[in-house]
Amino acid sequence: MAGQNLPELLEVRDLGLRFGGIVALAGVSFTARRGEITAIIGPNGAGKTTAFNCITGFYRPSAGDLDLTHSDGQRFALARMPGHLIARRAGVARTFQNIRLFAGMTVLENLLVAQHVPLMAATGLGVLAILGLGRYRAAERRAIDKAKAWLERIDLLARADDPAGALPYGAQRRLEIARAMCIDPVLLCLDEPAAGLNPSETAELGALLLRIREENCSVLLIEHDMDVVMRISDHIIVLDRGRKISDGTPAEIRADPHVIAAYLGEDDENADDVAHEALP
Amino acid sequence: MSQRAPLLDAFLSALVALGLFAPMVGLQTTVGVHGIVLVPRPFAVAALVGAVFVLRLLVRLWQARRPPEHAGVGRIGRAFAGLGPYLVPALLAAALLMPWFANRATIDLGVLVLTYVMLGWGLNIVVGLAGLLDLGYVAFYAVGAYSYALIAENTGLGFWSCLPAAGALAALWGITLGFPVLRLRGDYLAIVTLAFGEIIRVVLLNWVSLTGGPNGISGIPRPTLFGLRFTMSDEPGTFAGFFHLAPSPMQRQIFLYYIILVLALLTNWVTLRLRRQPLGRVWEALREDEIACRSLGINITTTKLTAFAVGACFGGFAGAFFATRQGFISPESFTFMESATVLAIVVLGGMGSQLGVVLAALVMIGGPEMFRPLADYRMLIFGLALVVMMVLRPRGLVTERRPSVTLRRNAGAIPAAMIAEGRG
């Protein structure tokens, strides 16, 4: 592969964030590799969403670096970029734990808003497009085609003209992912995409994420549904109380006594005991 | 809505009514021999309290009978929707043909209504589409009016040459206001825009060397039709002289009417075009969810500023028209009441609806003028209308939203319940 000597897609080094006296994240370091699904798991309040908000520019970290490298070698220091440019230039898209669709706009409009940046560039500062001149028409047709392609993939083409707020919950989750994908990201960050889905919807979601991975978009995933995480992740990072406690493949994580301790609420001493017992 | 039993609810309402009416209606002051005497009026109070009791009971029983999602109102709405395709052409035709049949007073009223329609359409961009609550819209109206008056006074240019400058200056002030308030939402945004409107007025009032202070600016040039002036003589260079007509003040009135009609329709056309384009769509997305917009790489700062600038620009055009129509402007014409009226038109019409603004302007501006004989009861009717609106159509006259782009031809409108109102 050409990217042999390229840095990893996302390198998080010593990420720290404190709100006043409360330490939300301290010294968290991990990498998300190109073409992989990386999952971040941990008990409630572990700092998963906080880490996400740092990566996607909604919080500014108080310490540490976030380096994103595109496959063409372009590098972005996410910790020092304005929020909207992280999505626009660096290509980091995200979804939200509590779905944030444009509920009063149609499904199709939601996907067109996501393509705002290239569409706006085709309007000639808005003036030419008002007069019906310029290359806006062609750009809009392309944007609609792209939106249709995504709607077909998430099985919502028939509801393209319905308001997004009228969709059932599972469909809203899928639409939010499709909307994020419409900005052509290199890294898709999903905050609990399986929350509130029934088992068959969860299975569909897993399949969708695997297909997205195959199309050269890496995925960073926060999830509580361990079945999904273990099945589709290539790499798992475990956070607890703002620190990283484990990092590895699903099999390694499943066997890590620290992780088990964190989830079952045992203290560290016991965890060490468990670790000793686990050793032959 | 209260979950109490209808009878208990009606009783409590009657109790509140008793508390209110007992001092206000129950005690009449009459001038007696030894000064003012209080004459009790128990029967009037009893009648009013009884009326409140019965009405409240009827309202509750009516509410209990209808399904929760306003079926009665829905029926009215559907009837309107059936009229929809004909309503807009009918209104447009009426607006175009009106000056040929109407008398001078009606044309004057038409000019006034159209000015407010234009202001409403301009503010609709900021409030209805972008969801930014602006209580100081009159500031841009004032900037447009004073820009035109001052440029015309100092350079001798006419209305048509100054119009773009008035719009541009208002847009500039829109951006100037936009910058400091970008981070504010909801109530805070409303307060700062309110203050901005007042600041502009107070500056106009006190900067006597430039604006003439409270004396205002008079002798503002009237608009011309391709250089033809509208005067009371038929000498060459006037409208009457060129077309060999008898000079009449009506000609200028009709001309002014058509100017404001064209300006208003221009506002409407630009807004409708913008709505179908990325800029307008992203304004609406901003109203729906600002954080989601940011996560999609949209620059919220510039998006909000464009909304302020475009809205302000049309306010400036309307202001320039106001100046040229009146021939005289002073800070008194740009009080908070104007902002409130325009905002009321937008909210009453249904935020984001272009047709709603027209209907609301007709009701709000045309109504009081047409029912002059009822002037004594104006506030009473106004209050009653407010209550009726809140009960029946809390989100305005036209609440549906038409999608800006559809795949199917017969795609329906989006009901109001889905649509966010914006948090500023």
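Student: How many residues of strand E1 (residues 27–32) of chain B are buried?
Tutor: A residue is buried if 20 or more other C-beta atoms lie within 10 Å of its own, exposed if 12 or fewer, and partly exposed in between, with C-beta atoms placed from the backbone. By that count, zero of the six residues of E1(B) are buried, and the strand is hardly covered. Helices (H or I, at least four residues) and strands (E, at least two) are DSSP runs, numbered from the N terminus. This is a predicted model, in which local features need pLDDT of at least 70 and side-chain atom pairs count only at pLDDT 80 or more, while totals for chains, interfaces and linings use all residues. Residues are numbered from 1 along each chain as its sequence is written, and chains are lettered from A and ligands numbered from 1 in the order in which they are written.

Student: In which sense do E1(B) and strand E2 (residues 35–40) of chain B pair?
Tutor: Two strands pair if DSSP finds at least two bridges between them. E1(B) and E2(B) have six bridges, in the antiparallel sense. Thr30(B) stands opposite Val37(B) of E2(B), and a hairpin of two residues links the strands.

Student: Which helix can I set against that strand for burial?
Tutor: Take helix H3 (residues 107–114) of chain A, where eight of eight residues are buried. Among them are Val107(A), Glu109(A) and Asn110(A). The buried residues of H3(A) pack against helices H4 (116–121), H6 (136–153) and H7 (169–181) of chain A and also against H11 of chain B.

Student: How many residues does each chain bring to the contact between chains A and B?
Tutor: Two residues are in contact if their C-beta atoms, placed from the backbone, lie within 7 Å. Chain B brings 33 residues and chain A 31. On the chain B side, H10 (249–275), H11 (278–288) and H12 (290–295) each supply at least two residues, and H11(B) gives the most, with seven.

Student: How do the axes of H10(B) and helix H13 (residues 300–326) of chain B lie?
Tutor: Axes are lines fitted to C-alpha atoms, for helices over the stretch in contact, and angles run from 0 to 180 degrees between N-to-C directions. These two axes come within 11 Å and cross at roughly 175°. Angles over 145 degrees count as roughly antiparallel, so H10(B) and H13(B) are roughly antiparallel to each other. Leu256(B), Ile260(B) and Leu263(B) are among the H10(B) residues that meet H13(B), whose residues there include Phe314(B) and Phe317(B).

Technical notes. Angles under 35 degrees count as roughly parallel, over 145 as roughly antiparallel, 65 to 115 as roughly perpendicular and the rest as oblique.
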